[in-house]
Structures are given as C-alpha cells and as structure tokens.
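Visitor: I have a structure open and would like to learn how to read it. Could you take me through some features, step by step?

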Amino acid sequence: MSFNKTIKVKLRIVSQFRILAVLILLTGWATSCQPGKEPEPSEGSNLALEKISGAQPLNVVFILSDDHRYDFMGFTGKVPFLKTPAMDRMAQEGTHIQNAFVTTSLCSPSRASILTGQLSHRHQVIDNQSLVSDTSTFFPQYLQQAGYETSFFGKWHMGEHHADPRKGFDHWVSFKGQGAYYNPTLNINGEEKEYRDSTYITDLLTDLAKEWLTERKKETKPFFLYLSHKGVHADFKPAQRHLKNYEAVSPRYPATMFPEKADPEDYNYEDVPDWVKKQRNSWHGVDYMYHGQISFEDFYKRYNETLLSVDESIGEVIEFLEQNDMLENTLVFYMGDNGFSFGEHGLIDKRHAYEESIRVPLLVYGAGNLLAKDSVSQLIQNIDIGPTILELAGLKAPASMDGYSFLPLLKGENPEWRDRIYYEYFWERPFPQTPTVHAVRTDKYKFIRYYGIWDVNELYDLETDPLEMNNLIRSPEHQETARELRTDLFDWLERTGGMNIPLKQDHGKRFDHKYRNTY
C-alpha cells in the first residue's frame, strides 16, 4: 500500500462508530479515541500484533539523552572543541538520520510520543506535569507479547509523583522526576536504593544496563533495552573526570544572539515576534538566564562537559555488545528527546519551533549488514521510533500509532515518505514566556503560527535562510505559500483530532520573575 493511501486509511472516519464516539466523549475518553483512529488497546486487551512473514526478530538497544540538540556532536563540526568518539563512530560506521524531529520539544511529551507512537494532542501528555493515561499502550508491551524480554533504565518523567515500575518492562530502574546527577536514589523493580560516594547517574545507569545484559546472556529470548539518561538536562553537572575539561574554550555565539550587532540586511529583527524579544529577559533568555544564576559561557561549557559521559555510555554499551558477540543481532539507536537553543534568537532551552529546538540527533548502529546507507535525509520524527522497533521485531505497527517505520530507509529502499512534519507545543503556566505554537515544516519552508497572543507569525525559506533570520510573513511574493501552509496545518489538526487546546488546572503561586508569588 502506498504511503498516501496508508495515511488515508489511518485517518478515515468510520461513520458507523459515530454513536460510540459520542459515548466515549461523554465518558471522558476523547484522548484515547480520536476521529479517524482506532480505539486504544486498554489494559488486559489483546496486544498481539500481526506478524511480518519471514522476519527474524532482532535485539534492540534504544539510548535516549535529554536536551541534546542535533548538531552538538563531534563529527558535525558545530562545536570545534567537542569530542564525541562514540557518536562519531555510530555516524561513520552506521547510519546518521540527518533530519530527525520531535513533534513537541519538551521532555515528557516527547517521551510519551516515543513510547506510544502518537502525537501530543492524542496521548495528552502535553507538559512535564502530565501523567500518561492508563489507557495508553507502549510499544514495549507489544514486544513482551511477542516474546521479548524488556528493560528500562533511567528517566521516565511522565508524571513526577513516583518512580515505581511501569507497564511494558520486565526489568525496571528509574528515579522520580528529573532525578539527581550525583548520589541518586533509584527504584529497582519496586525497591528503593540509595547510592553514595559521589556515584554519577550516567555511569550508574550504564553499569546497571550492562549488568542486566550480562545476567541474561544465556537467554534465548530476544531483548529490548531502553537506556534513558538524565544527561544533558540543566542544571548541568559533568562527571568529576570531565569538569573544567572545556574551561579554556570560548563559545561560538550565533548570528541572532545579538541583534544590535547584526546587519539589518541579514537579520530582519523588526519581524521577530515580540514574545521572542521579551523572552530574552527571562528564565529562558540570554539576558536573564535562569534568573542570573549562571553566565552563558559557563552554561555552554558545562553542557558540553556533561555530554561527554553520555558519549562514553554509548561507547561502553556498544563495546559490551561486541565483546559478547551480540552486536550482529542487535540494532542500537541513539536519540535526543528534544533539541536545545544556545543563544539563537536570544533564547535558551527548547519549546519553540526554531530548528535548534525541534531537531534532534538520531544515530543507528549494528545488526550486521542490515544498514545499507551511511545517512538518511528524509524527515523522521520521534513518533516513528515505535513502529520501526516493532518492525525489527517482525511486527506490524497498530493503526493507533501516528508514526511509520523507517526501517525500509535504513535498508536503502526507496518507499514513499512524508514531505513535511508538523509541530505543536502548548503554553505552560510555570514558563509562560513561550506561547502555544503550531508549525509545519517542509524541506524548503517553515510556517509557524502562535495562539492566544497578539503577535506576528513566521515564515522561513530554509534553503536560503537556514538560520531563520528573515521572516517572510510580510513578503508579497510569499503570501500564497503562507496561506497554503496555514491551510495545510489546520487540515492536519482537523484530521488528527487536534483542534482542541488542552487546559490544565493551576497549582501554587507563579514562578516567573515579573509576577513571582502572585496568583
């Protein structure tokens, strides 16, 4: 079936289910059964998926980092002093996904999209406080049903109230919320364990993952290992062996960080949205970052130093697989959960729809001769991870997933593929500087629309303006392009059930510095 036909099938509205849809809405189940989507499997329902004829299930290791932007790796040359030999090896000997994106650039929504294969407005984990619904199904549950042994190590973050084991994993190691870089407390299969003596979280999670692999070496079942690092989330704390490694270096300041120094012919600052200009002087802006607790230069250095242990973790896992003759039958993924700004447009952090926020690193390595290409240029999203891993297990993805398997692309095949990606972010009360954002991005253009504020939208020609310095929203010759992309954005929202803006209850007093301690 062609890609376009598959989309039509996935998004069909089945008229005979209208009465059922009304009942579901009335009972508050709207998030798990959007128009055009099949109902989610609930706890205890049949998780058996259709098998792919002749497929040989592979072991899978999925390594996820936090806030690692797409171009901060040694082989890209973006940061001249940064050394990431393990990531470089994955890119050079494996496959580099050059255009990998998230559907929402925020920790919890992105992680929920990875596990469910769904857009944020469907799984409803729209911020870092939201719990993932009990009715959601995670792709490791399908793997378990198919005979896989599954394990999770690290940051969960979809609801910060506990670190207890979640469904889909036979072995569980995690911590509450953001956890701690040093001397963490872990929940290991339901039992809490405290670590001392300057135990560093990245090293600890890596060691525990290798221990699990060692203990199951004689197992005949295929396995799925999910290693989910805390690094490199702020506030950045490198391993002691890496602290001050980059103390003598200087950051590269982006062209849009200091508008007063930019040539007006190069940087159209007049048409930068007002909210972006105002955010410069906030928790997530370069003029008052983290309310003055750290300088931009130290922030930049500590980030890159913290990243070094994540790279070492990748290298250790690959080395373990090689030494134990497991790599031939194991595919290793490395990915970031969202991007991160370092001064672009005067911003730090993520959430917005600029390139440095929505793009992530994605590398694939191992599995003998499976990988036929050293790079893939098609547009890949985090919702594609689940379907891809299911296909590696010899399973067809359920219709409830919004993503698609990119395994054919890794094999060097040329299937029909998407020519654009869509993005959404919903305003958060703890960080009110960034509005609700919707965007559509093709290979050439990006259209960004803001909701709930009186401000200018944005249109960029990414081929001629990759740094997004010249907003074309007022350009007469680009009016039709802007109109078409806006129409396409709303068509996407309509057919995927995304026309409702979620509203969350307020708790506590405000945190932002302008209105701190008010209700």
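Guide: Let's start with a word you'll need a lot: buried means under 20% relative accessible area, exposed means over 50%, and partly exposed is in between (1.4 Å probe, protein chains only). Before we use it, note that this is a predicted model, where local features need pLDDT of at least 70, side-chain atom pairs count only at pLDDT 80 or more, and totals for chains, interfaces and linings use all residues. Residues are numbered from 1 along each chain as its sequence is written, and side-chain values use heavy atoms, with hydrogens and water left out.

Visitor: Okay, is Lys446 buried or exposed?

Guide: Lys446 counts as buried, because its relative accessibility is 1%.

Visitor: And what does the side chain of Lys446 meet in a salt bridge?

Guide: General idea first: side chains of opposite charge can pair when their charged atoms come close. The cut-off here is a side-chain nitrogen of Lys or Arg within 4 Å of a carboxyl oxygen of Asp or Glu. Lys446 meets Glu355 that way, at 2.8 Å from N to O. Glu355 sits in helix H10 (residues 355-358) and Lys446 in strand E16, so the pair ties together parts that are 91 residues apart in sequence. Glu355 is buried too, with a relative accessible area of 5%.

Visitor: How many salt bridges does the structure hold?

Guide: It holds 34. Another one joins Arg420 and Asp488, whose closest N and O atoms are 3.2 Å apart. Arg420 belongs to strand E14 and Asp488 to helix H13, so this pair ties together parts that are 68 residues apart in sequence. Arg420 is partly exposed at 23% relative accessibility, while Asp488 is buried at 16%.

Visitor: Strands next, please. In what order do E14, E15, E16 and E17 come in their sheet?

Guide: Two strands pair if DSSP finds at least two bridges between them. Here four strands make an open sheet in the order E14-E15-E16-E17, with antiparallel pairing. Strand E14 (420-425) and strand E17 (458-461) are the edges, as each pairs on one side only. From one strand to the next, the twist averages 10 degrees. Zoom in on strand E16 (residues 445-451) and you'll find four bridges to E17, with Ile448 standing opposite Glu458 in E17.

Visitor: What does H13 lie across?

Guide: For angles, axes are lines fitted to C-alpha atoms, for helices over the stretch in contact, and angles run from 0 to 180 degrees between N-to-C directions. Contact itself means heavy atoms within 4.5 Å. H13 lies across E14, strand E15 (436-442), E16 and E17, and runs at about 65 degrees to E16.

Visitor: Which residues of H13 are buried?

Guide: An α-helix has 3.6 residues a turn, so residues three or four places apart point the same way. In H13 the buried ones are Thr481, Ala482, Leu485, Asp488, Leu489, Trp492 and Leu493. They cover an arc of only 135 degrees around the axis (taken from the directions from the helix axis to the C-beta atoms), which puts them on the same side of H13. Their cover includes helix H5 (120-123), E14, E15, E16 and E17.

Visitor: What follows H13?

Guide: Just after H13, Gly497 takes a positive phi of about 75 degrees. Phe511 also lies in the segment after helix H13 (479-495). Phe511 counts as partly exposed, because its relative accessibility is 31%. Leaving aside neighbours within four places in sequence, Phe511 is in contact with Trp283, His291, Pro430, Phe431 and Arg516. Take Pro430: it is 81 residues from Phe511 in sequence, yet their C-alpha atoms are 6.0 Å apart in space.

Visitor: Last one: which peptide bonds are cis?

Guide: Two to look at are the bond from Gly231 to Val232, with omega near 10 degrees, and the bond joining Ala234 and Asp235, with omega about -5 degrees. Val232 is in the loop between strand E7 (223-228) and helix H8 (274-279), and Asp235 lies in the loop between E7 and H8 as well.

Notes
Helices (H or I, at least four residues) and strands (E, at least two) are DSSP runs, numbered from the N terminus.
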